[in-house]
Amino acid sequence: MLSPRRVDRGSLVDLLDTLAALATGRGLTSSNLEEDFGRSSDLAAASIPALYARVRQNPSPRTLSVFSQWQREEANASGLLSVSEAREWRELCSSFSLSPAPDEAPYVLFAIQTYFALVAKLVSLVVIGGAPNWGEATVAVDRVGYLRQLELGIGGPQLLGSNVIEPGLFSWYAHELDAEVTRVLGVAVSTASEYAAEAVDITPVTARDVLKSLYQGLMPRAIRHRLGEYYTPDWLAQRLVNQVTGSPGVLRPTTRVLDPACGSGTFLVEAIRRMIATANESSPRETLGHILRNVVGFDLSPMAVQAARVNYLLAIAPLLKYADGPVSIPVFMADSLASVRRGGLLDGNVFLLDTAEGTWTIPSEVVDSHSLPQVGRVFREAIAASSDADRCIAELRGALPAEAQTDGCIAGLREVFSKLMALDAADRDGFWWPVVSNAFAPVLTGRFDLIVGNPPWVSWETLPDAYRRQNVDQWRRYRLMPDLGADRRQASATARLDLSMLFVAKCVDQYLEPSGRLGFVITASVFQSELGGRGFRGRYLPDGGAYRFVYIDDMSDLAVFDDAANRTAVLIADKRSGQQWPIPVASWRAGDGPHSIPTSWHLGEVTEATVRRQMAAEPADFADARSPLMIMPRQALIATRPIRQRSPYLDVIREGINTRGANGIFYVEVLGRPAAGLLEIRNAPALGRNDEILRLQGVVEEEAVAVLLRGAEVQRNHTRPTLGVLFFHDLEHVSNPIPISEARRRWPLAYSFAAHFEDALRSRKPFRNFRPNDGEWLGLYSVTSAAMAEHKVVVREIATGAIAAAVNDARVIPDHKLYVIPAQSAEEARWVTDVINSSVVDVALRAFAQSTSLTGSFLRYVGIRDLSNERRPRNDGDAIRLALDLTTDEYLQLEAIARQELPAGNEASEAEPD
């Protein structure tokens, strides 16, 4: 609902302008933009192939340089994710008559993003209709020429939003205007000229939707997700800002707000909306000035920055008429984590920035004195006038402050200017200084009262090697790398590290005011992954201190992002010392509404459709803050503390066998027994990673085939194996397989069957002590004495809750979706199984273990005693109580909590298909 306005001269002028726009202009709405510029429009069908052709067919050196830098930024922003494998990608390419081939994917994506950036720029020209030449140009050819001037940076700032259209990575087309690109550009600007921003009420609320809807319609959801693009729903942004501000609507324009991974600007627009609504006491001019100084965004993705700048411009559109002159939108293409770095001893007093055109060396005096804008203006004018270095340096001496007039600084600037001139002479410049100067924004913008956002949920391992090498010191700086103690034998040394963890630590340390507060949408896995989130939960700061987790919204039960299977959480943190346990947690659950929350819903609708239960979180090991967080009602946390001890079974639990990608070869169906001691078998290629594996049927020795037990075949106290596994191991050859010569002698038929796949088995990658390409190609990984024990307990890796069963057969071999605890007897195996399956252990496991990956380390926090020499009581309750070393009162209290907290029937369930 629109707020009433005072009747005065200004409001009457606005009314007349709106009425005129309604009579002559097309409304700037999502539906209109989709119709004119969307994926199904004639303009998109013509423009995207034209742009693709220009970047693919005889591009200039400048365009190749731009493309290389774009590839670099995209890889650093979203990881090395392939889009060409998706069905939606083939459909998208087909709609534009472009090749879906993997080698062409970067060029197609670059063309699509260039087109979207172009439309975003045209939208900005509609909003700032006061741009002099745009309003005066009456025909398309004039407006194409004007747009090209803006893209090339000719004539200096001419727009109210001076950096919404500036030389950048998506300005390359302005240098490549062949006949077809010129034609489609003319159609685009003619279409845009029919719009009028006044024809609808442009507010920060409507601004959020204008470009977001266009891009989401242009780029299929599956492709966006493969690129790591999960746009934050407006309701979630509102909820998060409520959390960090402590208020549902109030945000003073004097509050400094940063989104360090701003994407299309959802959080920036939400902050601007609140500031405009709160600034009743300030003049519109003062409010605009405060917002432009205080609401700042960074992002590494060139396309995201372009969209965010236009969305920011749309959000402040009601205030633009009060601007004294051109405004610069404070959204920067910059890496919040490590875009620039100070030089070392051999580099001197400089900052270094790595790009596709090598390393740029910028004197520190220029950066520290905030003189980059003056330097950029002088460089731009000197290059346009083809000035020599001496004349440029003379101009710089008059523009720089005294502290930047040192001989070393001037010599460094001369080198930078010479590099720019050389790139210009080689037709590879026109955008590099904006790229370089943007990258310094994180160094120059200071600290903030509030930091909000949705940092990338990208695995560190998927990022380019060069980027990881450059930034690995930061992971060490904040002690985010997992520490592997001597008792973590079954844990992987290559735990998945999520980039969002580094964002939290870096932003709290470098950008947050001491009294400030941070709120991030983040993957819930960082709170409970045994190793991957261990360093993050330590909350370390480089000065020896630590920041605090203040509040958690656990939304794991909701599909927040377009049906994506992400476990979503919201973390609120601050810089004060002294972590207080337990942390308040709101656990969101689907009520009568859908499990998947439509992105179009408002916060009120989401609140009505969900139930929020007040919970609390503390480390599973109360003495180790880095252990997984246990999330339960506060009283339940206290009640579980007695069982949260280290079990001696932790020393012997192991993963089941792993074929290292060869399931389709080793896993076999048993078709019959043609003779004593023989089995007829057929391998199962559908169970492997390689669809090209031959499906082979044959007869082999029965001794060479063990019974395979897979995770999905285990239920509580019950197993149902259906397959066999070729098994060239025995108790004398546990970790390493039986030697080739001996296997051929003992089981010639089984060896001959396996030999059909020798090349595929040898091609498996080595892993730790597993060397399949070095004479051990018959072998399996993680073959242990536990897996081959006669008596053992198997525990499901993928499950919600505890699922265990006893196995009393040495020939039954568990696979890698199971953890195995060896036992001395069938009685011990049954007793341990009953304890793990008990309600008191189940309720504890659900509170700290991820349903998608329970690891053997759960025994670090469930203190089952060594039962090998114990005598089991007849009463099952007493048996469980004794095994967990509980008093009767402690056990009864835990049982009561389990009855209250566990689902009806106390049934553990499979989390996902095995």
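The model is predicted: local features need pLDDT of at least 70, side-chain atom pairs count only at pLDDT 80 or more, and totals for chains, interfaces and linings use all residues. Residues are numbered from 1 along each chain as its sequence is written, and side-chain values use heavy atoms, with hydrogens and water left out.

**Stop 1: α3 and α6**

Select residues 42-56 (α3) and 105-127 (α6), whose axes come within 8 Å and cross at roughly 125°. Helices (H or I, at least four residues) and strands (E, at least two) are DSSP runs, numbered from the N terminus. Axes are lines fitted to C-alpha atoms, for helices over the stretch in contact, and angles run from 0 to 180 degrees between N-to-C directions. The two helices are therefore oblique to each other; angles under 35 degrees count as roughly parallel, over 145 as roughly antiparallel, 65 to 115 as roughly perpendicular and the rest as oblique.

Now show side chains. In α3, Leu43, Ala44, Ser47, Ile48, Leu51, Tyr52, Val55 and Arg56 meet Tyr107, Val108, Phe110, Ala111, Ile112, Thr114 and Tyr115 of α6, where contact means heavy atoms within 4.5 Å. By class, the contact of α3 with α6 has 12 nonpolar, 2 polar and 1 charged residues. Here Ala, Val, Leu, Ile, Met, Phe, Trp, Tyr, Cys and Pro count as nonpolar, Asp, Glu, Lys and Arg as charged, and the others, Gly among them, as polar.

**Stop 2: the sheet β6-β7-β8**

Next, select the open sheet of 3 strands, ordered β6-β7-β8 with antiparallel pairing. Two strands pair if DSSP finds at least two bridges between them. β6 (341-342) and β8 (358-363) are the edge strands, each pairing on one side only. β7 (residues 350-355) pairs with β8 over 6 bridges, and Thr355 stands opposite Gly358 in β8.

**Stop 3: backbone features in loops**

Go to Ser386, in the loop between α17 (372-384) and α18 (389-399). Ser386 has a positive phi of about 55° although it is not a glycine. At 60% relative accessibility, Ser386 counts as exposed; buried means under 20% relative accessible area, exposed over 50%, partly exposed in between (1.4 Å probe, protein chains only).

Arg479 sits in the loop between α22 (465-477) and α23 (499-510). Phi of Arg479 is positive too, near 55°, and Arg479 is partly exposed at 48%.

Finish at Trp581 and Pro582, which are joined by a cis peptide bond with omega about -5°. Pro582 lies in the loop between β12 (568-574) and β13 (583-590).
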